[in-house]
Structures are given as structure tokens and as C-alpha cells.
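The sequence and the structure come first.

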Amino acid sequence: MCNRARFDGEPTTLFGSAKKLFSERPRDNRFNPKELRPKGRAYVIREQDGERAWDVMAWDVLGGQAAWPMTNVRNLKLPQWRKLAADPANRCLIPLTEFCEWTPDKHDLDDGKPPLKGEMWFSVTDQPTFAVAGFWQATAEGNGFTMVTCDPNELVAPIHPKAMITILRPEDCDTWLRGSYDEVVTLQRPFKSAGMAVRGPAFPTRS
């Protein structure tokens with residue numbers, strides 16, 4: 001399950017969006033959209049009143065109302081998720097530069113410290129910034145979003161065999177934001193592994 005990702009950029013005209021924000025950009029030092037972590041605030045792209053632009057939301061579509069942040073959703077047939085996924089107003093794109101999955105096994109780094117899992121970072125080779133399918137809703141804690149997952153491809157499966165985030169091709173972004181429920185469900189599929197790259201394992205907490 002992807003609970004760590006990066007977006008090395010700022011709002012611009014990506015995936016048909018305008019270079020503007022629907023809400024004011026946070027001014028506090030805790031806002032770091034380049035490093036996506038659960039409950040952290042990040043940039044998303046959505047549509048409102050026929051306009052496509054950027055917004056800032058927390059990475060937890062339930063706004064703290066569950067035992068853990070709801071950062072990833074798989075089963076769009078469940079009533080609570082189908083309601084959101086079926087309404088184009090609640091769909092969004094999450095722009096990413098890369099996303100992380102942790103190695104299944106721990107590594108002994110021969111530094112006298114306990115073994116730990118490494119970070120494996122995945123990217124799309126022909127898209128420096130790629131779009132991930134997501135949806136959002138207003139919560140008591142503010143607007144929150146989640147990423148939609150799907151079956152893993154051949155590159156991701158050895159690291160995380162259960163799922164991967166749903167990466168959209170540029171030509172599918174309009175369908176995700178505006179299509180019918182049946183149309184968007186067909187986009188919930190693994191991205192071709194030949195179009196992706198992976199680097200790692202990385203151990204940023206150990207020098």
C-alpha cells in the first residue's frame with residue numbers, strides 16, 4: 001500500500017489544469033507538498049464549476065474518522081466509495097514524481113543496528129510527473145483525498161504483491177474526471193511495467 005510519495009513541482013498547467021488554486025496556499029512551515037505522507041497536505045487537481053485547477057487537501061479521505069488514515073481505496077463497489085467515485089465532482093488527480101513501497105524483507109546493513117526495510121521508489125519513464133486516480137470529500141477536518149489502487153504490475157508485485165496505485169495515462173485524465181462510473185472503473189488497472197522504472201533499496205535513516 002502506497003503511504004509515501006513525492007511531487008517535485010508546483011501548480012502549473014498539467015493534465016489540462018489551470019495554473020491556479022481553488023483554495024489559498026497554506027503559509028505554515030508544516031506544509032511540504034513535495035513529500036506526501038498520511039494526513040499531510042498535498043496538491044490535487046479537480047474540477048469545479050467547469051474549471052479545472054489545483055487544490056490543497058489532506059491525504060486522508062475520512063478526515064481522521066477511522067483508526068488509521070484512509071490514504072488508499074481499492075473496492076469501488078462498496079457503497080461509501082461508490083458514492084464518491086460515481087460523482088465527477090468528487091474525483092481528482094494526484095500529481096506525483098515517484099511513489100514508494102518498502103521491501104518485503106529487512107536488510108542487515110552491518111552497522112551494528114537492527115535490520116530494516118528499504119525504500120523502493122517507482123517512477124514513470126516518459127512522464128516526469130504522472131497522474132494518479134483519486135477522489136476526495138469534505139470532512140470535519142477539511143477536504144481530504146485518497147488514491148485509488150489496483151492490481152500490481154510485474155515491476156511492483158515482487159515488492160508489494162497486493163496492490164499498486166492507479167496511474168493514469170495522460171489521455172485518460174479527462175475520462176477519470178468527467179466520465180461515468182462504469183467508464184472510470186475500467187481505468188482501475190495496472191500501469192504497464194515496461195513504462196516504469198524503480199530505484200532502491202534506499203535507507204535514508206541510516207548514513
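Trp-136 has a relative accessibility of 11% and therefore counts as buried, the cut-off for buried being under 20%. The model in which this value was computed is a predicted one. Trp-136 belongs to strand E9, which spans residues 130-139. Of the ten residues in E9, seven are buried, so the strand is largely enclosed by the rest of the structure.

**Pairing of the strand**

E9 pairs with strands E6, E12 and E10. The table lists these partners with one pair of opposing residues for each.

| Partner of E9 | Residues of partner | Sense | Bridges | Residue in E9 | Residue opposite |
|---|---|---|---|---|---|
| E6 | 91-96 | antiparallel | six | Ala-131 | Pro-95 |
| E12 | 167-168 | antiparallel | two | Val-132 | Ile-167 |

**Surroundings of Trp-136**

Which residues does Trp-136 contact, leaving aside its neighbours within four places in sequence? They are Arg-46, Met-57, Val-61, Leu-84, Ala-89, Asn-90, Arg-91, Cys-92, Asn-143, Gly-144 and Phe-145.

For Ala-89, the backbone oxygen lies 3.0 Å from a polar atom of the Trp-136 side chain. Leu-187 is 51 residues from Trp-136 along the chain, and the C-alpha atoms of the two are separated by 17 Å.

How values were computed:
Residues are numbered from 1 along each chain as its sequence is written. This is a predicted model: local features need pLDDT of at least 70, side-chain atom pairs count only at pLDDT 80 or more; totals for chains, interfaces and linings use all residues. Side-chain values use heavy atoms; hydrogens and water are left out. Buried means under 20% relative accessible area, exposed over 50%, partly exposed in between (1.4 Å probe, protein chains only). Helices (H or I, at least four residues) and strands (E, at least two) are DSSP runs, numbered from the N terminus. Two strands pair if DSSP finds at least two bridges between them. Contact means heavy atoms within 4.5 Å. A polar contact is a pair of N or O atoms within 3.5 Å; within protein, one must be able to donate a hydrogen and the other to accept it, and residues adjacent in sequence count only if both atoms are side-chain atoms.
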